[in-house]
Amino acid sequence: MARPIARVLTLLELLQSGGIRTVGELADRLGVDERTVRRYVDHLLDLDVPVESVRGRYGGYRLGPGYRMPPLMLNDDEALAVLLGLVAGRRAGLTTAAGAGAGAGAGAGTASEAAAGETAAAKIRRVLPERLRARLDTVLGSLALTGPGGEEAAVPDTTILLALADAVSHHRPVALRYTTAGGRRGERTLRPYGLVAHAGRWYVTGAAEPSGEDRTFRLDRIADVRALPGAFEPPADVDPAARVLTGLATAPYRYEVVLRIAGTTEQIRTRLPASVAVVTAPPTPPTPASGPDDPAHWPRVELHVERLDWLPGVLASLDLPFAIERPDELRALVTALSDRLHHSAHRPPPGVT
């Protein structure tokens with residue numbers, strides 16, 4: 001594409017983002033002088049693009065209201081962000097306002113919204129270059145989502161994400177350069193099994209070479225990815241999302257907490273999700289001799305935490321019998337919460353003596 005044409009299209013993209021753009025701002029963004037900007041605007045007008053001139057101190061150029069740009073102009077980062085947003089919304093059960101409460105019924109609204117997401121993704125894919133479409137399909141095919149994103153998202157570098165997705169898809173080992181949570185830099189060879197998006201962060205999980213130990217890395221801490229020769233065969237039953245959640249729940253923190261809770265896994269998970277606790281079913285059901293009140297037959301719950309002060313309230317909110325195996329400090333905190341609740345329950349209301 002000739003450079004003037006490329007700049008005219010870039011000008012159109014800048015105006016499409018909305019608002020009034022001054023001539024000076026456009027000249028800086030395009031790397032040309034203000035006279036050339038005006039000539040590019042004339043090119044757009046010749047193409048029947050309604051560019052309006054706004055006079056005054058804060059004047060400049062803007063697109064006429066209601067104009068829709070015919071070609072879809074997305075760079076790699078933008079296309080990836082749009083498609084991932086559509087996929088994440090669909091998998092997380094997010095819906096749009098359109099169709100909700102319109103009298104067609106919840107089922108019809110959900111179906112129409114799901115169809116809208118599918119058709120939007122299909123339209124975007126159709127207008128993408130083949131090179132980019134293939135790479136984005138690789139990312140979507142290797143991605144696992146654990147649920148809605150967190151409040152603070154750590155956006156991965158597109159180059160890193162695409163390189164890892166390609167390695168996952170083709171079962172190729174990679175060399176990583178990364179920074180640990182403590183700020184140390186390191187290198188590692190990894191056989192990547194999958195990409196996982198959890199709580200606003202991206203992870204790659206796999207087996208480290210040559211030890212074969214399970215390893216998980218946050219993508220925003222990876223500085224470089226280099227594909228290595230050869231290929232590997234991933235385990236048939238590998239579940240990348242489960243590996244990441246278990247890794248988060250068993251990360252080395254100050255306290256190792258082991259509980260027995262008299263409830264189902266689903267009940268326990270309402271307050272202690274898979275990224276926080278590992279729940280193990282009891283090895284044997286209760287017997288007539290032991291009875292259902294024997295903690296040995298309750299699910300085992302293991303947590304690794306830096307602080308204990310939040311746990312008593314969580315355990316109380318479960319409203320299920322529990323037993324503390326360790327640490328002893330947690331017993332003291334639960335007792336203190338119990339005493340505060342007992343005191344509050346028996347405190348007379350205002351005006352009563």
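This is a predicted model: local features need pLDDT of at least 70, side-chain atom pairs count only at pLDDT 80 or more; totals for chains, interfaces and linings use all residues.
Student: Which residue in E11 is the bridge partner of Glu-256?
Tutor: Strand E9 (residues 255–261) pairs with strand E11 (residues 300–305). The pairing is antiparallel and runs over 6 bridges. In E11, the partner of Glu-256 is His-304.

Student: At what angle do H10 and H11 pack?
Tutor: Helix H10 covers residues 311–318, and helix H11 covers residues 328–345. H10 passes H11 in a right-handed crossing. Their axes are 9 Å apart, and the angle is about 65°.

Student: How many nonpolar residues does the contact of H10 with H11 have?
Tutor: From H10 come Leu-311, Pro-312, Gly-313, Leu-315 and Ala-316. They meet Leu-330, Leu-333, Val-334 and Leu-337 in H11. By class, the contact has no charged residues, 1 polar residue and, as nonpolar residues, 8.

Student: Which residue in the turn between E4 and E5 has a positive phi?
Tutor: E4 and E5 run antiparallel, joined by 6 bridges. One of the bridge pairs is Tyr-178 with Gly-186 in E5. The two strands form a hairpin with 5 residues between them. The residue with a positive phi, about 95°, is Gly-183.

Student: Which residue takes a positive phi in the hairpin of E5 and E6?
Tutor: E5 and E6 run antiparallel, with 9 bridges. Val-196 has Tyr-203 in E6 as its bridge partner. This hairpin has 2 residues between the strands. The positive phi, near 50°, belongs to Ala-199.

Student: Which element gives the most to the lining of the largest pocket?
Tutor: The pocket holds about 1,000 Å³ of space. Strands E4, E6, E7 and E11 and helix H8 (240–249) each give two or more residues to the lining. The top contribution is 6 residues, and it comes from H8.

Student: How many charged residues does the lining of the largest pocket have?
Tutor: The pocket is lined by 31 residues. Those closest to its centre are Tyr-203, Thr-216, Gly-247, Leu-248 and Ala-251. By class, the lining has 14 nonpolar and 10 polar residues, and the number of charged ones is 7.

Conventions: Residues are numbered from 1 along each chain as its sequence is written. Side-chain values use heavy atoms; hydrogens and water are left out. Axes are lines fitted to C-alpha atoms, for helices over the stretch in contact, and angles run from 0 to 180 degrees between N-to-C directions. Helices (H or I, at least four residues) and strands (E, at least two) are DSSP runs, numbered from the N terminus. A crossing is left-handed if the near helix is turned anticlockwise from the far one by less than a right angle, and right-handed if clockwise. Contact means heavy atoms within 4.5 Å. Ala, Val, Leu, Ile, Met, Phe, Trp, Tyr, Cys and Pro count as nonpolar, Asp, Glu, Lys and Arg as charged, and the others, Gly among them, as polar. Two strands pair if DSSP finds at least two bridges between them. On a 1 Å grid over the protein atoms alone, a cavity is a set of points where a 1.4 Å probe fits but cannot get out, and a pocket is an open set with protein on both sides within 12 Å along at least five of seven lines; lining residues have an atom within 4 Å of a point. Grid points are joined across faces, edges and corners, and a volume is the space filled by probe spheres set on the points.
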